[in-house]
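Me: I'm new to this one and would like to learn how to read it. Could you walk me through a few features?

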Amino acid sequence: MSSAFESGETSVLVLQGGGALGSYQAGVYEGLHEGGIHLDWVAGISIGAINAALIAGNAPEHRVERIQQFWDQISSSLTANPWFPGEKARIAFNEASANLVATFGVPGFFSPRIPPAQFYPEGAPQALSLYDTSALKGTLERLVDFDRINHGDVRLSVGAVNVRSGNFVYFDSRRDLIIPEHVMASGALPPGFPPVEIEGESYWDGGLVSNTPLDYVLERERQRDLVVFQVDLFAAHGPMPRSLLQAAEREKDIRYSSRTRLNTDKNIEIRKAKLAFRNLIDKLPAELAQDPDVGFLRQVSHANYLTVMQLIYRRQSYEGNSKDYEFSRATMLEHWASGRNDVRRSLRHTKWRERRFTEDGVAVFDLTRDARD
């Protein structure tokens with residue numbers, strides 16, 4: 001597969017958390033694979049961390065197949081199609097599916113804790129969550145080659161939160177030996193899922209602090225030019241809610257959205273500061289050119305170019321507050337097709353095909369907004 005740019009930019013796939021909505025990310029990856037996009041780095045939070053591991057932990061020719069196996073398994077508890085046509089019937093179908101998941105769990109992912117957490121003594125690991133996620137470890141070990149993650153050519157970064165310190169931590173295959181627990185920790189959202197212990201410390205879902213790894217990617221790579229495919233499962237923009245349930249859904253969207261514009265605006269300011277440093281260095285007397293401080297400033301003031309393709313899942317009218325734990329096969333296939341189609345549309349869009357580096361050095365494309373909103 002070819003790189004996104006001929007000039008050698010680092011290609012990064014950034015995957016947000018969002019539970020069942022993660023099948024949209026699976027479709028996005030299939031679309032990128034079809035489009036011949038080679039990925040150098042995959043970073044994820046929560047379900048995004050699981051999808052990222054499935055990508056980084058498999059050979060390119062097997063990735064779509066492994067992702068499909070994962071999503072087929074976790075959507076296998078309700079494979080029936082919606083019972084009747086129409087939006088009201090679909091709302092009822094989705095709510096029934098979500099209630100089924102809340103009651104019985106998801107195959108190969110999590111199951112209700114029996115006996116329930118409140119029957120365990122304080123301090124027991126089982127007392128900290130409603131569900132048991134031990135099945136997820138077996139699923140990851142079956143579908144992900146962790147040796148490939150740790151020694152392959154695709155970098156993997158997954159975010160989690162230290163329960164004791166509250167600090168946000170990234171586990172990165174560039175410096176850490178990645179094991180299934182790192183991926184599980186990134187998706188351990190309380191109080192549903194238990195914290196995951198790694199080297200004596202316990203971790204929860206990274207979405208508690210930040211639901212997207214974009215900021216981490218921008219902080220870690222300031223030398224090489226980047227082309228980032230950012231997949232958002234919660235839209236920052238949305239309508240005014242008209243009911244209590246709609247208010248709960250809107251609150252969730254706002255809480256977990258990525259604030260891409262905030263990150264890119266910050267990157268533009270950093271670039272302007274670096275440009276000012278370089279201009280100032282060029283005005284210094286010749287005798288200061290070899291000064292170590294000047295050399296350091298010259299090095300850190302290098303500005304890389306950033307291109308971001310945003311791929312945002314935009315909810316259907318029949319989806320509600322349970323959309324992130326509604327794991328029916330019908331909805332999974334819809335999300336998957338939506339992600340694949342958004343990528344296809346974006347890659348063939350004139351603005352993307354004719355993109356150029358801008359004076360600010362940062363370009364953001366959301367090329368499906370008009371078609372989807």
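Me: Where is Pro115 found?

Reply: Keep in mind that this is a predicted model. Pro115 sits in the loop between strand E3 (111–112) and strand E4 (131–132).

Me: Let's turn to backbone angles. What is phi of Ser46 near?

Reply: Phi of Ser46 is near 60 degrees, which is a positive value in a residue other than glycine. You'll find Ser46 in the loop between strand E2 (41–45) and H2. Glu199 also has a positive phi, about 50 degrees, although it is not a glycine. Glu199 is placed in the loop between E7 and strand E8 (201–205).

Me: How do I read the pair of helices H1 and H2?

Reply: Start with distance and angle. The axes of helix H1 (residues 22–34) and helix H2 (residues 47–56) come within 9 Å and cross at roughly 30 degrees. Angles under 35 degrees count as roughly parallel, and H1 and H2 are therefore roughly parallel to each other. Their crossing is right-handed.

Me: Which residues of H1 and H2 make the contact?

Reply: On the H1 side they are Gly22, Gln25, Ala26 and Tyr29, while H2 brings Ile47, Gly48, Asn51 and Ile55. Sorted by class, the contact of H1 with H2 has four nonpolar, four polar and no charged residues.

Me: What's the idea behind a nonpolar core?

Reply: In soluble globular proteins, nonpolar side chains tend to be buried together. In this model, the largest nonpolar core has 68 residues, and Leu13, Ile50, Phe70, Trp71 and Phe109 have the most contacts inside it. H2 supplies the largest share of this core, eight residues. Apart from it lies another core, of 16 residues, with Val12, Val14, Ile268 and Leu306 among them.

Me: What is Trp71 in contact with, leaving aside its neighbours within four places in sequence?

Reply: With those neighbours set aside, the contacts of Trp71 include Gly22 and Ala26, as well as Ile47 and Asn51. Those four residues also take part in the contact between H1 and H2. Phe327, Met332 and Trp336 are among the other contacts of Trp71.

Me: Where is Val158 found, and is Val158 buried or exposed?

Reply: Val158 is in strand E5 (residues 155–162). At 0% relative accessibility, Val158 counts as buried. Leaving aside neighbours within four places in sequence, Val158 is in contact with residues including Gly44, Ala49, Tyr170 and His182.

Me: One last stop: where is Thr358 found?

Reply: Look in the loop between helix H13 (350–353) and strand E11 (362–365). Thr358 has 30% relative accessibility, so it counts as partly exposed. Along the chain, Thr358 and Thr307 are 51 residues apart, and their C-alpha atoms are separated by 9.4 Å. Beyond its neighbours within four places in sequence, Thr358 is in contact with Tyr305 and Ala363.

Methods. Residues numbered from 1 in each chain as written. Predicted model: local features only at pLDDT ≥ 70, side-chain atom pairs only at ≥ 80, totals over all residues. Heavy atoms only, no water. Axes fitted to C-alpha atoms, helices over the stretch in contact; angles between N-to-C directions. Helix = DSSP H or I, 4+ residues; strand = E, 2+ residues; numbered from the N terminus. Parallel < 35°, antiparallel > 145°, perpendicular 65-115°, else oblique. Left-handed = near helix turned anticlockwise from the far one by under 90°. Contact = heavy atoms within 4.5 Å. Nonpolar A, V, L, I, M, F, W, Y, C, P; charged D, E, K, R; others polar. Core = buried A, V, L, I, M, F, W, Y, C linked by side-chain atoms within 4.5 Å. Buried < 20%, exposed > 50% of the residue type's maximum accessible area, 1.4 Å probe, protein only.
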